[in-house]
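The following note sets out points for discussion on the structure shown below. It is arranged as numbered paragraphs.

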Amino acid sequence: MKVRFWGTRGSLPSPLGARAVEAKIVNALVKGAGAGLDSEAKARAFVAEHLSFAERGTYGGNSSCVQIDLGGPEYLICDLGSGAREFSLSTLAKGGPSKPQTYHVLVSHVHWDHIMGFPFFVPAYIPGNRIKLYSCHAKLEEAIRGQHKGPCFPVEFETLGATIEFVTLEPGRRTDIAGASVTGFAQLHGNDSYGYRIERDGKAVVYSTDAEHKPEDTAETARAAAFFADADLVIFDAMYSLAESVSIKEDWGHSSNVLGVELCQMAGAKQLCLFHHEPVNDDARIDAILAETIRFEEITRTGAALKICAAYDGLVIEV
Ligand SMILES: [Zn+2]
Ligand SMILES: [Zn+2]
């Protein structure tokens with residue numbers, strides 16, 4: 001499976017502003033002064049070797065959308081945040097707008113940042129396309145139809161050209177979707193949220209966003225660790241620091257990088273991907289959180305090493 005991230009920001013899209021872009025350019029020019037960067041190849045090599053990710057790139061601004069590329073003709077994605085628009089355009093560019101496609105979408109929950117991309121999901125407007133929206137969340141159809149109503153949006157759901165179906169999943173029960181085995185998992189979050197474990201050919205990816213974990217609730221922690229068990233990749237809601245998640249932002253429905261490491265260590269997972277970044281955190285802060293998380297894993301490691309990365313729009317992870 002190839003996991004492609006189209007939207008990685010939590011709560012709302014957070015695009016990089018002109019001043020932030022200029023600051024990155026100024027910093028790169030100063031660092032590259034005297035390095036003889038008189039060709040594109042030399043400049044690219046310098047950028048790759050001497051600039052941190054925050055200095056050379058950005059974690060991105062779109063809200064949640066993750067593609068699970070199963071290599072087959074049908075598409076599978078998790079969530080319909082603003083990143084779903086770019087995902088949908090990429091599929092049209094690949095297949096051409098007139099080629100009918102089938103899209104399978106797992107929706108974690110119906111908070112706006114996870115469904116706001118659907119009105120801009122271009123294949124929904126094209127007759128011949130088939131879109132199947134799956135969720136354990138009981139209000140999925142109501143929420144998707146509701147955001148197409150005026151005065152907030154001018155195109156009524158009923159006028160969309162594609163064939164759109166809603167499928168309610170039962171937590172804990174395996175369902176075959178696009179050739180993968182998918183199991184849902186109830187998570188602690190305001191208005192409910194569900195994680196999904198996606199398995200295929202002996203590999204497992206867990207998509208677990210918008211989930212609060214309370215370290216003192218040992219039964220719940222064990223339940224989450226069992227859901228993550230031996231996963232090749234866990235995409236994890238690491239919106240807050242541990243200090244925030246157990247103090248001022250307790251009960252806000254999100255988790256921390258530290259709890260992500262602890263749960264993955266308990267579960268024997270192989271890779272942790274920090275996801276649903278707090279909009280307040282700039283690229284340098286997310287770089288720092290990633291470095292702190294890697295250090296925390298090293299000093300608390302008891303078994304095999306856990307690989308850790310921070311999701312960004314455009315990241316691809318192969319499992
Ligand atoms: Zn969210
Ligand atoms: Zn949410």
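**Notes on the predicted model**

1. Asp210 is placed in the loop between strand E10 (203–208) and H7; helices (H or I, at least four residues) and strands (E, at least two) are DSSP runs, numbered from the N terminus. Asp210 is not a glycine, yet its phi is positive, at about 55 degrees. Asp210 counts as buried because it has 29 C-beta neighbours inside 10 Å. A residue is termed buried if 20 or more other C-beta atoms lie within 10 Å of its own, exposed if 12 or fewer, and partly exposed in between, with C-beta atoms placed from the backbone.

2. The model is predicted: local features need pLDDT of at least 70, side-chain atom pairs count only at pLDDT 80 or more, and totals for chains, interfaces and linings use all residues. Residues are numbered from 1 along each chain as its sequence is written, while chains are lettered from A and ligands numbered from 1 in the order in which they are written.

3. Two further backbone features deserve attention. Ser11, in the loop between E1 and helix H1 (18–32), has a positive phi near 70 degrees although it is a residue other than glycine. Ser11 counts as partly exposed, because it has 19 C-beta neighbours inside 10 Å. The peptide bond that joins Gly150 and Pro151 is cis, with omega about 5 degrees; Pro151 is found in the loop between helix H6 (140–146) and E6. Most residues other than glycine have a negative phi, and most peptide bonds are trans.

4. Overall, the protein has 10 helices and 14 strands. Its C-alpha atoms fill a box of roughly 60 × 50 × 40 Å along the principal axes. The radius of gyration is 20 Å, in agreement with the value near 20 Å for a compact globule of 319 residues; this radius is taken over C-alpha atoms, and the globule rule is 2.2 Å times the number of residues to the power 0.38. Of the 319 residues, 41% count as buried.

5. The protein is divided into domain 1 (2–14 + 58–318) and domain 2 (18–56), with bounds that come from an automatic or database domain assignment. The centres of the two domains, taken over C-alpha atoms, are separated by 32 Å.

6. Strand E5 (residues 130–135) runs parallel to E6, to which 6 bridges join it; one of the bridge pairs is Leu133 with Phe166 in E6.

7. Strand E8 (residues 180–187) has 6 of its 8 residues buried, so it is largely enclosed by the rest of the structure. Strand E7 (residues 175–177) is joined to E8 by 3 bridges and runs antiparallel to it; Asp176 has Ser181 as its bridge partner in E8. The hairpin of E7 and E8 has 2 residues between the strands, and Ala178 takes a positive phi near 55 degrees there. E8 is also joined to strand E9 (residues 193–200) by 7 bridges, again antiparallel, and Gly184 has Tyr196 as its bridge partner in E9. The hairpin of E8 and E9 has 5 residues between the strands, with Asn191 in the turn at a positive phi of about 65 degrees.

8. Which residues of H9 are buried? They are Asn257, Val258, Leu259, Gly260, Val261, Leu263, Cys264 and Ala267. Helix H9 (residues 257–267) is thus largely enclosed by the rest of the structure, because 8 of its 11 residues are buried. The elements that cover these buried residues include helix H7 (218–228), strand E11 (233–237) and helix H10 (283–300). Gly268, with a positive phi near 70 degrees, follows H9.

9. The largest nonpolar core holds 75 residues, of which Val66, Val205, Phe228, Val234, Ile235, Leu272 and Leu274 touch the most other members. H9 supplies the largest share of this core, 6 residues. Such a core is a set of buried Ala, Val, Leu, Ile, Met, Phe, Trp, Tyr and Cys residues joined through C-beta atoms within 7 Å. Leu274 touches, among others, Asn257, Gly260, Ile289 and Leu290, when residues up to four places away in sequence are not counted; two residues are in contact if their C-beta atoms, placed from the backbone, lie within 7 Å.

Note on methods:
Two strands pair if DSSP finds at least two bridges between them.
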